[in-house]
Amino acid sequence: MKQLENQQVARWVFFCQLCSWFTWYCCTRTLTNTMETVLTIIALFYYPLEGSKSVDSVKYSSLVALAFIIRPTAVIPWIPLLFRHFWQEQRKLDLILHQFLPVGFATLSWSLMIDRIFFGQWTLVQYNFLKFNVLQNLGTFYGSHPWHWYFSQGFPVVLGTHLPFFIHGCFLAPKRYQILLVTVLWTLLVYSMLSHKEFRFIYPVLPFCMVFCGYSLNHLKTWKKPALSFLFLSNMLLALYTGLVHQRGTLDVMTHIQELCYNNPNNSAASVFVMMPCHSTPLYSHVHYPLPMRFLQCPPDLTGKSQYLDEADTFYQNPLSWLYKEFHNNSTLPTYLLIFNVLEEEISAFLISRNYERTAVFFHTHLPEGRTGSHIYIYERKLKGKLYRR
């Protein structure tokens with residue numbers, strides 16, 4: 001933005017990006033969407049926008065190709081940008097033959113060789129990604145939303161309090177930035193056609209939006225200071241809440257399990273069973289201890305069964321019956337059970353009959369929903385009147 005405009009506009013765009021609550025929320029997590037977004041930002045630096053002094057077709061196409069290899073959806077926002085570049089390029093054949101094709105061939109070959117080494121056979125993971133998420137639409141197994149969700153909920157939530165500034169900036173920004181607005185709308189439309197939707201999927205368009213937000217702030221005169229205070233405070237409060245408070249229990253409980261392991265190194269027979277919706281907690285990435293751990297599985301159905309139920313769904317149909325059937329032999333009972341508080345009453349008979357005692361409680365969220373409760377309970381099994389831990 002400093003190249004395209006000036007230091008002042010660049011400062012406001014940078015401010016908007018850094019104070020975005022969603023930037024804080026996503027960039028601190030090991031999501032491929034974060035890398036996809038970072039590579040998109042760097043590629044934009046070399047993209048031939050009018051007025052740019054750092055145009056390099058090989059560099060920006062290489063970064064786009066790398067982002068595509070990491071996460072195939074990275075190409076979605078770049079489709080209108082690539083077409084625009086091709087349309088405005090006078091030497092179209094040279095652009096394709098000497099830049100796009102060599103970069104694409106080298107990157108895809110590199111990806112194929114790496115996957116050949118690790119899979120043990122030739123595998124085109126980009127096709128598998130397309131087949132799973134689009135052709136077979138198996139992403140719906142993890143939830144689905146109506147087509148308008150990104151427009152009615154997803155995009156407004158991701159932008160947050162930047163939304164009015166984004167709308168204002170759309171009317172103020174020069175005509176050459178229309179391609180960025182087209183890219184945002186195109187990305188939202190494409191993702192709207194997929195049933196499974198998540199906020200993080202549209203994270204790569206956030207930097208595009210901040211260009212317009214920066215223009216809005218740059219043109220404010222009388223209300224600039226109140227606007228800056230409003231943006232900063234509203235986003236920081238939301239960033240701190242979602243980063244430090246909301247749904248923190250699943251991390252805290254694993255830290256507690258780690259402490260139990262290191263405080264009781266002689267307890268080699270201990271084990272953990274996580275009775276929560278699958279993938280609720282991390283495992284060894286936080287515990288770092290050779291402790292047998294198990295959680296409810298929820299693999300997608302790849303066989304085409306009409307009445308498919310994963311382990312987690314089967315469990316939640318009748319938790320008490322499932323537990324008695326699964327642990328009919330006391331020797332197989334885990335030492336620690338991790339549950340959300342909403343499950344406690346339903347399985348209380350099992351907990352009492354198998355001598356489990358609640359030993360720790362962790363706050364999780366102020367917004368419990370369905371199978372996810374407001375608190376997480378740890379139950380430990382008594383053995384001959386003593387607890388496993390000290």
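**View 1. Thr281 and its contacts.** Thr281 touches Thr250, Val253, Met254, Val274 and Met276, leaving out residues up to four places away in sequence. Touching, or contact, means heavy atoms within 4.5 Å. Thr281 sits in the loop between β1 (272–275) and α14. Helices (H or I, at least four residues) and strands (E, at least two) are DSSP runs, numbered from the N terminus. Is Thr281 buried or exposed? Thr281 counts as buried because its relative accessibility is 12%. Buried means under 20% relative accessible area, exposed means over 50%, and partly exposed lies in between (1.4 Å probe, protein chains only).

The model is predicted: local features need pLDDT of at least 70, side-chain atom pairs count only at pLDDT 80 or more, and totals for chains, interfaces and linings use all residues. Residues are numbered from 1 along each chain as its sequence is written, and side-chain values use heavy atoms, with hydrogens and water left out.

**View 2. The whole protein.** The protein has 18 helices and five strands. Its C-alpha trace spans about 80 × 60 × 40 Å along the principal axes. Of the 390 residues, 44% are buried. Among contacts with a separation of 6 or more, 71% join residues 24 or more positions apart. The protein exposes about 21,100 Å², and carbon and sulfur atoms supply 62% of that area. Accessible areas come from the Shrake-Rupley method with a 1.4 Å probe; for residues, only the protein chains shown count as cover.

**View 3. Helix α4.** Helix α4 covers residues 57–70, which is 14 residues. From its first C-alpha to its last, α4 reaches 20 Å, close to the 20 Å expected at 1.5 Å a residue. The expected span is 1.5 Å times one less than the number of residues. Which residues of α4 are buried? They are Ser57, Tyr60, Ser61, Leu63, Val64, Ala65, Ala67 and Ile69. These buried residues pack against α3 (32–46), α5 (78–88), α6 (92–119) and α7 (125–135). An α-helix has 3.6 residues a turn, so residues three or four places apart point the same way. At the start of α4, a side-chain oxygen of Asp56 comes to within 3.2 Å of the backbone nitrogen of Val58.

**View 4. Cys213 in helix α11.** Cys213 lies in helix α11. Cys213 counts as buried because its relative accessibility is 0%. Not counting residues up to four places away in sequence, Cys213 touches Cys16, His162, Phe165 and Phe166. Cys213 and Gly169 are 44 residues apart in sequence, yet 5.5 Å apart in space, C-alpha to C-alpha.

**View 5. Glu198 in a loop.** Where does Glu198 lie? Glu198 is in the loop between α10 (178–192) and α11 (206–219). With a relative accessible area of 24%, Glu198 is partly exposed. Its contacts are Trp149 and Tyr150, leaving aside neighbours within four places in sequence. Glu198 and Ser144 are 54 residues apart in sequence and 9.2 Å apart in space, C-alpha to C-alpha.

View 6. Asn137 is not a glycine, but it has a positive phi of about 55°. Asn137 lies in the loop between α7 and α8 (149–159). At 28% relative accessibility, Asn137 is partly exposed. His288 is not a glycine either, and its phi is positive, at about 50°. His288 lies in the loop between α14 (284–287) and β2 (293–295). His288 is exposed, with a relative accessible area of 52%.

Technical notes
Polar contact = N/O pair within 3.5 Å; in protein donor to acceptor, adjacent residues only side chain to side chain.
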